[in-house]
2 protein chains.
Amino acid sequence: MSRKIANPAKQADGKDYLAHIAYDSVVFGFSGDKLKILLMEYRNTGLFALPGGFVGRKMNLDDAVRAGLEERTGLSGIYMEQFHTFGDCNRQDASVLKKIMKANGIEAEKDHWLLDRFISVAYYALINYKAVKLQPDALSDSCDWYPVDALPQLILDHGKIVEKALQALRWNTDDRIIGMKLLPEKFTMKELQQVYENILGEQLERANFQRKMIASGLLTRHAAQFTGKAHKAPYLYSFAEKKTSVF
Amino acid sequence: MSRKIANPAKQADGKDYLAHIAYDSVVFGFSGDKLKILLMEYRNTGLFALPGGFVGRKMNLDDAVRAGLEERTGLSGIYMEQFHTFGDCNRQDASVLKKIMKANGIEAEKDHWLLDRFISVAYYALINYKAVKLQPDALSDSCDWYPVDALPQLILDHGKIVEKALQALRWNTDDRIIGMKLLPEKFTMKELQQVYENILGEQLERANFQRKMIASGLLTRHAAQFTGKAHKAPYLYSFAEKKTSVF
């Protein structure tokens, strides 16, 4: 877990990495009422970015991303999914990179490999919010949680990457996976609804949501616990065993 | 549509392209009873591969893929979806590339850019089988349809790319899109079932399939045409207007 990645910005020719290829990760965690993602703040710049990195010449792409995520979060065995590769020409903006490097005391030559065009392979990860121990990278002075509905301005096309990650989450065919990775093993209907509302970015009608979720067959309801209080505790649910899909 | 792409194999340093980045496309068409994909056969090698290419330094990734697809098929406005980027180290096999280049009269130096490591961004496309006018690329002597359940051995990890494309098709949340792009506007229940069977790679029970499809609300049934024959023609269906999803 404490494997140290060298600072790629200090290597002018980037010969230890695959040129033109970066990765970015959208790391989701559920704080109990809000869906949040991890952002890095670059030292002395006020610039925010998704945690990301580069692919070592002898490293599998997935392994590079996983190593980066593990380093940022202190977790291993993270659930992650690659969801899109961003390859437009106009996502390049050498001035942003120069600013970040300069703020870190690195004067980049014009032909520094990081100033060239990059495509970015993007992943989303679903992690246990409470288990994380955050760690900034070589160029950042913070790595912290931000609610998806109130993000600061992000560099380059990172805002677009977050949008697409949310879309990928919405399209994930297995609601169980999303729920299981973001919620505790047992959860209330309210918590489940909040996860959905955060992912969808809209309010859902409570009774309707509850009826549909129960009809879906996704959930197992557990016996209500006797609390001795006037208002009984809400039912707890967990995800049922996977059933086969229609087709 | 007849835009000519230079032969990237003849450019030893690959300076007009982004190093390390290739794309591959899995082009699906429905012949009436079989789901098929396009494969290139490289001249004098017996090697089969997915149609693919490289990304010009000043070209958006999506545009490069679209241009390649248009050149191979003679079609414009093709429906395509990026589905995965393959980035393992072991997908590199310089000997295969050397063989293909040699068979085309190109003696590649050891540091030829095409012999270096590549990641491949993979797309699937759904096209109108009958409208296509196939065109091999600079290194191939044929570009032709092959049924997905009887493909020849493919180079590198292209077999794995096809598998993942089929999985992406199965996971596509909008059955309407798949059906609309692969079937004529009006189709029989049998044709629809055959598309599904080919995508899923398994036989479906007729009555059960029909019942589920009708219950799904995806389809509009059209009035049966009077044919004057003893056996009446099968009902024709089309895809209904999009309804909103559960959430």
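Start by selecting both chains and looking at where they meet: 31 residues of chain B are in contact with 31 residues of chain A, where contact means heavy atoms within 4.5 Å. Before you go on, know that this is a predicted model, where local features need pLDDT of at least 70, side-chain atom pairs count only at pLDDT 80 or more, and totals for chains, interfaces and linings use all residues. Residues are numbered from 1 along each chain as its sequence is written, chains are lettered from A and ligands numbered from 1 in the order in which they are written, and side-chain values use heavy atoms, with hydrogens and water left out.

**Stay at the chain A and chain B interface**

Together, chain B and chain A bury about 2600 Å², with 61% of that on carbon and sulfur atoms. Buried area here is the accessible area (1.4 Å probe) that two parts lose on being put together, summed over both. Now select A:Arg57 and B:Asp116: their side chains form a salt bridge, 3.2 Å from N to O. The rule for that is a side-chain nitrogen of Lys or Arg within 4 Å of a carboxyl oxygen of Asp or Glu. The count between chain B and chain A is 2 salt bridges.

**Now hide chain B**

Colour chain A by domain: domain 1 is 8-171 and domain 2 is 183-239, with bounds from an automatic or database domain assignment. Their centres, taken over C-alpha atoms, are 33 Å apart. Where they touch, domain 1 of chain A gives 9 residues and domain 2 of chain A gives 7 residues. About 680 Å² is buried between these two domains of chain A, 62% of it from carbon and sulfur atoms. Select A:Phe30, A:Leu35 and A:Arg170 in domain 1: they lose the most area to domain 2 of chain A, together 60% of what that side buries. Across this domain interface, the rule finds 0 salt bridges.

**Last stop: a cysteine**

Select A:Cys89, which is partly exposed at 22% relative accessible area (partly exposed lies between buried, under 20%, and exposed, over 50%, with a 1.4 Å probe and protein chains only).
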